[in-house]
Amino acid sequence: MSVTPEQLPATGRAWHLVRRPHGWPVPEDFALREVPVEAPAEGRVLVRNLHFSVDPYMRGRMNDVKSYIPPFQLDQPMDGGAVGVVVASNADGLAVGDHVLHFAGWREYASVPAKHATKVDPDAAPLSAYLGVLGMTGLTAYAGLLEVASFKEGDTVFVSGAAGAVGSQVGQIARLKGASRVVGSAGSDDKVKLLVEEYGFDAAFNYKDEKPVVDQLKEVAPDGVDVYFDNVGGEHLEAAISRMNVGGRATICGMIAGYNDTEPTPGPRNMAMIIGKRLRLQGMLVGDHESLQPQFVREVGAWVRAGELKYTETFAHGIDSGVDAFLGMLRGENTGKMIVSLDA
């Protein structure tokens with residue numbers, strides 16, 4: 001039931017970053033604190049969050065360095081993708097009871113400018129899907145494969161971190177768009193099985209096996225790789241460069257293998273191959289591809305409704321579980337999108 005402004009609680013809880021992690025974050029780097037909840041000012045809405053997202057890029061925001069997105073501020077609520085229900089509105093176009101997608105996650109209640117809240121339909125898809133398969137995660141996969149990597153029918157595609165929220169969608173989109181072969185890496189035998197049996201990958205391997213990644217990649221892609229979607233970096237990127245065909249394209253989306261390193265991560269030792277193979281390695285940020293949003297929602301939404309594109313979510317329940325969910329995601333404990341659910 002929606003809350004009227006008179007019924008609003010005086011406070012809600014929000015996760016704060018209280019110190020900069022050195023290497024792997026630990027629970028002591030965070031604090032769950034009570035913050036005031038107030039009726040929204042003009043042009044704003046107050047949202048009771050139902051789900052919020054924890055994502056690899058958030059690790060970088062915990063460092064005090066200049067980047068494409070500002071770092072988290074110490075002793076301030078953290079933020080990120082969230083979906084919730086409007087419980088008080090002081091803005092045209094959004095009413096109490098509407099469900100919205102916004103960027104003030106990591107908290108129970110969020111005061112959000114109405115212009116930064118996107119109305120979503122809970123009848124068209126589960127609300128959590130707007131944080132993953134139909135949200136920023138999905139658009140990252142869609143734009144990274146089709147626009148950044150210039151995918152074309154008949155390509156052989158290799159996806160690292162392929163059981164994650166982005167990687168699993170990249171592989172399925174490639175298959176639906178006519179890839180000749182789709183292969184992936186994952187961090188457990190169960191995830192490898194999921195990629196092949198559920199998501200339709202032609203082959204996959206467990207990168208935690210003793211055999212080097214480059215040897216395992218050669219086994220699953222004997223004729224080489226045309227497109228590499230990189231979520232991991234490190235040994236995976238070096239292996240992909242070795243196995244890529246002439247004219248290959250790589251989308252560099254994430255490098256989670258080095259996010260918690262305390263020393264600079266060495267680059268691939270085989271970068272000279274980029275010259276002879278005329279490879280294109282391009283970094284991507286999803287915010288550069290917002291123009292694709294209508295096309296993405298239309299096409300991927302149809303695949304999801306038809307059961308042609310499958311997705312998996314890993315839920316942690318209750319705001320108290322927020323940091324544990326984040327740390328678990330960094331360790332690869334999730335399959336698909338990691339989501340913190342606040343809906344009782």
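Contact here means heavy atoms within 4.5 Å. With its neighbours within four places in sequence left aside, glutamate 108 is in contact with Gly12, Arg13, Val47, Arg48, Asn49, Ile319 and Leu342. The model is predicted, so local features need pLDDT of at least 70 and side-chain atom pairs count only at pLDDT 80 or more, while totals for chains, interfaces and linings use all residues. Residues are numbered from 1 along each chain as its sequence is written, and side-chain values use heavy atoms, with hydrogens and water left out.

**Glutamate 108**

- Glutamate 108 lies in the loop between strand 5 (99-102) and strand 6 (109-113); helices (H or I, at least four residues) and strands (E, at least two) are DSSP runs, numbered from the N terminus.
- Glutamate 108 and valine 214 are 106 residues apart along the chain, and 45 Å separates their C-alpha atoms.

**Helix 5 and helix 6**

- Helix 5 (residues 213-220) packs with helix 6 (residues 234-243) at an angle of about 45°, and their axes are 9 Å apart. Helix 5 is therefore oblique to helix 6.
- Axes are lines fitted to C-alpha atoms, for helices over the stretch in contact, and angles run from 0 to 180 degrees between N-to-C directions. Angles under 35 degrees count as roughly parallel, over 145 as roughly antiparallel, 65 to 115 as roughly perpendicular and the rest as oblique.
- From helix 5, Val213, Val214, Leu217 and Lys218 meet Glu235, His236, Ala239, Ala240, Ser242 and Arg243 in helix 6. The residues of this contact comprise five nonpolar, two polar and three charged; Ala, Val, Leu, Ile, Met, Phe, Trp, Tyr, Cys and Pro count as nonpolar, Asp, Glu, Lys and Arg as charged, and the others, Gly among them, as polar.

**Helix 2 and its partners**

- The axes of helix 2 (residues 136-148) and helix 8 (residues 293-306) come within 10 Å and cross at roughly 100°, which means that helix 2 is roughly perpendicular to helix 8.
- Gly138, Leu139 and Tyr142 of helix 2 make this contact with Gln293, Gln295, Phe296, Glu299 and Val300 of helix 8. Four nonpolar, three polar and one charged residue take part.
- With helix 3, the axis of helix 2 comes within 8 Å and crosses at roughly 45°. Helix 2 is therefore oblique to helix 3.
- Thr137, Gly138, Thr140, Ala141, Tyr142, Leu145 and Leu146 in helix 2 meet Ala165, Val166, Gln169, Val170, Ile173 and Ala174 in helix 3. This contact has nine nonpolar, four polar and no charged residues.

**Cavity and pocket**

- On a 1 Å grid over the protein atoms alone, a cavity is a set of points where a 1.4 Å probe fits but cannot get out, and a pocket is an open set with protein on both sides within 12 Å along at least five of seven lines; lining residues have an atom within 4 Å of a point. Grid points are joined across faces, edges and corners, and a volume is the space filled by probe spheres set on the points.
- The largest cavity holds about 80 Å³ of space. Its lining has 14 residues, of which Val133, Ala165, Gln169, Tyr311 and Thr312 lie nearest its centre.
- Helix 3 (residues 165-176) gives the most to that lining, with four residues.
- The second largest pocket holds about 320 Å³ of space. Among its 20 lining residues, Gly234, Glu235, Pro266, Gly267 and Pro268 are the closest to its centre.
- Helix 6 gives the most to the lining of the second largest pocket, with six residues.
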